[in-house]
Amino acid sequence: MIRGVPVVVVASVKGGAGKTTTSVLLAEAAADRGHTVVLGDVDPQGSAAEWAALAAAGGTALRSTVVEVPARDLARRLMGPAAKADLVVLDTPNRDLHLLSAALSVGDLVVVPSAPTTMDLPRAWPTLDLVVEANRPAVVLLVKIDARYPNAAIDARAALAEGGAHTLTATVPYWQSLAQAKAGRPRGRHLRVFAAVLDELLPMLPDPEESQ
Ligand SMILES: Nc1ncnc2c1ncn2[C@@H]1O[C@H](COP(=O)(O)OP(=O)(O)OP(=O)(O)O)[C@@H](O)[C@H]1O
Ligand SMILES: [Mg+2]
């Protein structure tokens, strides 16, 4: 928590796993529901902040407030912005373990996005191990699901369960439209899928503390 506001950390030490996409869509799905959301961009690459800037420039500004905090004192830096929020989402870098552990230290729940493929799935484990070491609860979100291979998600879920990992019921399809779209405010089915993700995550979060 930051100032009594629950924090969802999106993490994977695998590059290109879908962290930024998950962070932005999750934050926007929550904002679309009326939550006041701070999206902390902990990645020095600044991809979430860039998404926000492009969306604003295109006249479809994000509803969540994106704050760049690629620093180990991110919790302190987020205290001001979090004061007005009821949910904080953190997009994290894949390489900088110091920044990741700073994010994990304030996280209430960690979402680890992974494609269900034989190449990608095994690479979720190092992240899950880090989250366990940090004593935080983690859930895997299966992303980039190819509709032509419906068994991939089923098999991935079984393999994760065997290793003791919890996988969300909601999954994220592979969206050509997302890969090709100009960065803007998420809408339509992208938002609907992440509303379902949000529905699963919210009951896992502590209640925001009112009197901070
Ligand atoms: N559901 C999806 N369908 C299609 N493409 C996707 C989907 N999710 C993510 N992508 C694409 O995969 C690539 C990597 O996604 P993203 O930038 O979210 O990953 P990341 O984990 O944040 O990467 P990095 O480790 O560099 O921060 C991007 O080109 C993104 O558009
Ligand atoms: Mg990223």
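## Overall build

Helices and strands here are DSSP runs, numbered from the N terminus. The model is predicted. Its protein chain has eight helices and six strands. Read from the N terminus, the order is β-α-β-α-β-α-β-α-β-α-β-α-α-α.

The C-alpha atoms fill a box of roughly 45 × 40 × 30 Å along the principal axes. A compact globule of 212 residues would have a radius of gyration near 17 Å, so the 16 Å of this chain agrees with that. Of the contacts with a separation of 6 or more, 80% join residues 24 or more positions apart.

Buried residues make up 45% of the 212 residues. The largest nonpolar core holds 64 residues, and Leu26, Val88 and Val89 have the most contacts inside it. Helix H1 gives the most to this core: seven residues.

Take Val88. Leaving aside residues up to four places away in sequence, Val88 touches Ile2, Val5, Val7, Val38, Gly40, Leu78 and Ala82.

## Helix H4

Helix H4 spans residues 97-106, and its buried residues are Leu99, Leu100, Ala102, Ala103 and Leu104.

## Around ligand 1

Ligand 1 is surrounded by 19 residues. The closest are Gly15, Lys19, Thr20, Thr21 and Asn94. By type, the shell divides into seven nonpolar, nine polar and three charged residues.

Helices H1 (19-32) and H7 (176-180) each supply at least two residues of the shell. The largest share, three residues, comes from H1.

Note on methods. Residues numbered from 1 in each chain as written. Chains lettered and ligands numbered in written order. Predicted model: local features only at pLDDT ≥ 70, side-chain atom pairs only at ≥ 80, totals over all residues. Near = placed C-beta within 6 Å. Helix = DSSP H or I, 4+ residues; strand = E, 2+ residues; numbered from the N terminus. Nonpolar A, V, L, I, M, F, W, Y, C, P; charged D, E, K, R; others polar. Buried ≥ 20, exposed ≤ 12 C-beta atoms within 10 Å, placed from the backbone. Core = buried A, V, L, I, M, F, W, Y, C linked by C-beta atoms within 7 Å. Contact = placed C-beta atoms within 7 Å. Rg over C-alpha atoms; globule rule 2.2 N^0.38 Å.
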